[in-house]
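Let's take a walk through this structure, one open space at a time. Have the sequence and the model at hand as you read.

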Amino acid sequence: MNTQKKHIPSMLVAYLFLITLCIIWVIPLIFSFATSFRSQTEIVSTGFRLLPVNWILDNYVAILTNTSTAPIMQWLWNSLFIAVTHTILVVIVVSVTAYGYGRMRFKYRDRIFYILMGISMFPGVVNLIPSYKIIETFGWVNSSLAMIIPGLAGMGNIFLVRQFMKGIPLEFDESARMDGADEFTIFSEIIVPLIKPVLIVAGLFSFTGSWNDFLWPVIVYTDVSKMPITAGLLLLQDIYGNYRMIGQLMGSALIAIIPTVLLFLFAQKYFIESMNLNAGIKG
């Protein structure tokens with residue numbers, strides 16, 4: 001009983017901390033959502049109000065009907081195609097690479113892996129100019145390939161999947177080899193089903209990273225119709241910014257976050273389950 005009483009103050013502090021964080025995160029979202037339903041006159045003439053006086057849909061009608069200077073639905077489709085394709089390829093490349101570094105045996109395996117890990121510690125901005133020169137050489141400027149191909153073999157995801165694989169007993173591989181299985185069979189029929197949770201996590205990271213990438217698409221895209229949503233939002237600041245059409249700018253930003261919110265709602269169960277990376281493997 002005394003132990004339970006001692007835990008009550010710490011629980012209250014934890015709840016207060018979490019509620020405070022929730023308020024800090026939620027209020028700007030509520031304000032942005034409400035602003036997207038305000039008229040421009042109300043935005044510039046009234047002071048701070050959390051909710052609009054008159055709710056209107058004019059901002060969203062203007063956003064969805066503008067298919068020339070700001071084709072936001074086309075941008076959403078571009079981002080969705082890029083993010084989904086990139087995620088699928090990342091899961092394939094990362095799983096195969098992690099299997100090589102985690103399960104196969106070859107000379108200097110660990111040394112090569114840790115050298116690559118060290119190189120990956122350099123800030124991404126250092127590689128911007130060389131990366132642009134490479135995609136320019138391949139003719140990928142203003143192409144979705146410029147967003148899909150770079151970053152497929154991210155060392156962070158490879159490290160995550162490799163560490164997960166290390167929790168799988170090597171006896172599984174040896175037993176399969178004794179039964180005549182080759183490396184591809186071991187990988188596809190034994191290892192992949194066991195590493196499904198961590199592959200889902202790697203896929204989530206890859207999708208959100210690709211969807212939210214801002215600097216790289218701004219550099220490689222100049223064609224408005226081919227831009228992903230992040231580069232498009234920068235363009236919208238010139239079209240809707242400077243207090244001219246704040247409601248439409250807010251509405252565009254909210255539309256842009258819908259896919260990632262839906263992804264989190266549908267995939268959070270898998271994400272939480274995969275936090276214990278070795279669950280169900282050892283023991």
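Domain bounds here come from an automatic or database domain assignment. This is a predicted model, where local features need pLDDT of at least 70 and side-chain atom pairs count only at pLDDT 80 or more, while totals for chains, interfaces and linings use all residues. Residues are numbered from 1 along each chain as its sequence is written, and side-chain values use heavy atoms, with hydrogens and water left out.

A pocket is an open set of points, on a 1 Å grid over the protein atoms alone, where a 1.4 Å probe fits, with protein on both sides within 12 Å along at least five of seven lines; lining residues have an atom within 4 Å of a point. The lining of the second largest pocket takes at least three residues from domain 1 (1–55) and at least three from domain 2 (58–280). Its lining residues are W25, P28, L29, S32, M250, A253, L254 and I257. Helices α1 (2–35) and α14 (246–273) each supply at least two of the lining residues; helices are DSSP runs (H or I, at least four residues), numbered from the N terminus.

Now for the largest pocket, which is lined by 26 residues; closest to its centre are G124, N127, P150, G151 and G154. Which helix gives the most to this lining? That's α11, with 4 residues. Other contributors of two or more residues include α5 (109–120) and α6 (128–138).

Stay with α11 (residues 196–212), because its axis and that of α10 (residues 183–194) come within 5 Å and cross at roughly 70°, so the two are roughly perpendicular (65 to 115 degrees). Axes are lines fitted to C-alpha atoms, for helices over the stretch in contact, with angles from 0 to 180 degrees between N-to-C directions. In this contact (heavy atoms within 4.5 Å), V192, P193 and L194 of α10 meet K196, P197 and L199 of α11.

Notes. Parallel < 35°, antiparallel > 145°, perpendicular 65-115°, else oblique.
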